[in-house]
Amino acid sequence: MKRFAILGHPVSHSLSPLMHSTAFQALGLDYTYEAIDVEPEDLKETLGRLREEGYAGLNVTLPHKQEMIKHLDELEKDAEIIGAVNTVVIEQGKMVGLNTDMTGFSEWLLPHQSRLEGAAVLLLGAGGSARAVLAALMLRNKPAQVTVLNRTLENAEQLVASFRDLQPSIRLSAESLFDDTVQQFVGEASVIINTTSVGMKPYADASPLEEVAFDKKQMVMDLIYVPPETKLIETAAKAGATALSGVEMFLNQGAASFRRWTGKTMPLDLVRKAVLEKLQGD
Ligand code: NDP
C-alpha cells in the first residue's frame, strides 16, 4: 500500500483526490490519496510527519506552492524556473519537488500549438500559474510577444523582469488589467490566456475581461476549471472564438504527477468522465 495526499488551505474543494483515487482503482493499485488541510505555519511539521509515516508522494496547492521549495531535498529544473512546486516524489525519505502545471499546460495546448507560432499572446494574471504558463510558452512555443496584464501592475512587471532572459527573442511587456486600453490589447492578441482566479466559483458571474469583444479568429484559454465553463469562455465561444476550459490542463497536470509516482499512464478518459460528472453535479 502506498499513500499520497494533496496539501493546501483550504483544500476540501480539490478534485485531485477524486482524480487519483479513480485512476488507482481502475489500475488495481492498492494506493490511497487524501486531502490534508494545512495552515501555512504547520507546513514544516506536517511534512515531517508525512515523511515519517512513509507517504510516497504529494500534491501541493495554494498557499504552499512557493514555500514548499524550502523544505525539499532536491528541486527539478522546471520547478526551479517557475519558482513553485505542485508535486513531490518521496523516495526513501528524500523529497524531490517538481512542477507539472507546465506539462499540463503544454499538453492541453498540443492540438492548438501551431496557433502560438509568431502569435501575440495576452496573459491575464501574474501569480503562480502565470509563471508556469509563461515558462511553457517561452521554452516550448514560439510566440512573437507576450503581454502580461494584471490587477497589480508591479507583480506583472516583476514576472516579466524575471523571465525576460529565458528567451530574449520573445517580446515581453507588463500592463495594468484596469487600463482603459484593455480592449486594444485584446484586439491585438490572437491568443488570450486567463490565469487569474476571476470567474472561479463562488464568483462564477465575474470575468477578468468584462465588456470586451472577441473575434472568431482568436483562441481564449481559461485555466479555471470550477466551473468548467466560465463567463469568459462562454462570451468567447458566443463570439465564435476557440474557447478552451481549464479542465484539460487540470487532468494533464494530474496525469503527469501520476506518471511520476506510479510509472504508469493515467486512464484519462475514465478520469475525465468522473471529474466532469462531479463538476456538472456541483
Ligand atoms: P495566485 O493566487 O498565485 O494568482 C492569482 C492571480 O489572480 C493574480 O494575478 C491576482 O492578481 C489575480 N487576481 C486575484 N483576484 C483578482 C481580482 N479580484 N481581480 C483581478 N485579478 C485578480 O493563483 P494561481 O495562479 O495559483 O491560480 C489562479 C487560477 O488558476 C485559479 O483559479 C486556479 O484554480 C487556476 N489554476 C488552474 C490549474 C489547472 O490545472 N487548470 C492549475 C493552476 C491554477 P494580483 O497580482 O493583483 O493579486
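Author: A polar contact here is a pair of N or O atoms within 3.5 Å; within protein, one must be able to donate a hydrogen and the other to accept it, and residues adjacent in sequence count only if both atoms are side-chain atoms. The model is a predicted one, in which local features need pLDDT of at least 70 and side-chain atom pairs count only at pLDDT 80 or more, while totals for chains, interfaces and linings use all residues. Residues are numbered from 1 along each chain as its sequence is written, and side-chain values use heavy atoms, with hydrogens and water left out.

Around the ligand there are 24 residues, of which Ser-129, Asn-150, Thr-152, Asn-155 and Leu-223 come nearest, where a residue is counted if one of its heavy atoms lies within 4 Å of the ligand. Asn-155 places a polar side-chain atom 2.8 Å from an oxygen atom of the ligand, and a polar backbone atom of Ala-126 is 2.9 Å from a ligand oxygen atom. On the nitrogen side, a backbone N or O atom of Gly-246 lies 3.1 Å from a nitrogen atom of the ligand. Of the 930 Å² of accessible area that the ligand has on its own, the protein covers 79%, with areas computed by the Shrake-Rupley method with a 1.4 Å probe.

Two or more residues of the shell come from each of α5 (128–140) and α9, and α9 gives the largest share, 3 residues; helices are DSSP runs of H or I, at least four residues, numbered from the N terminus.
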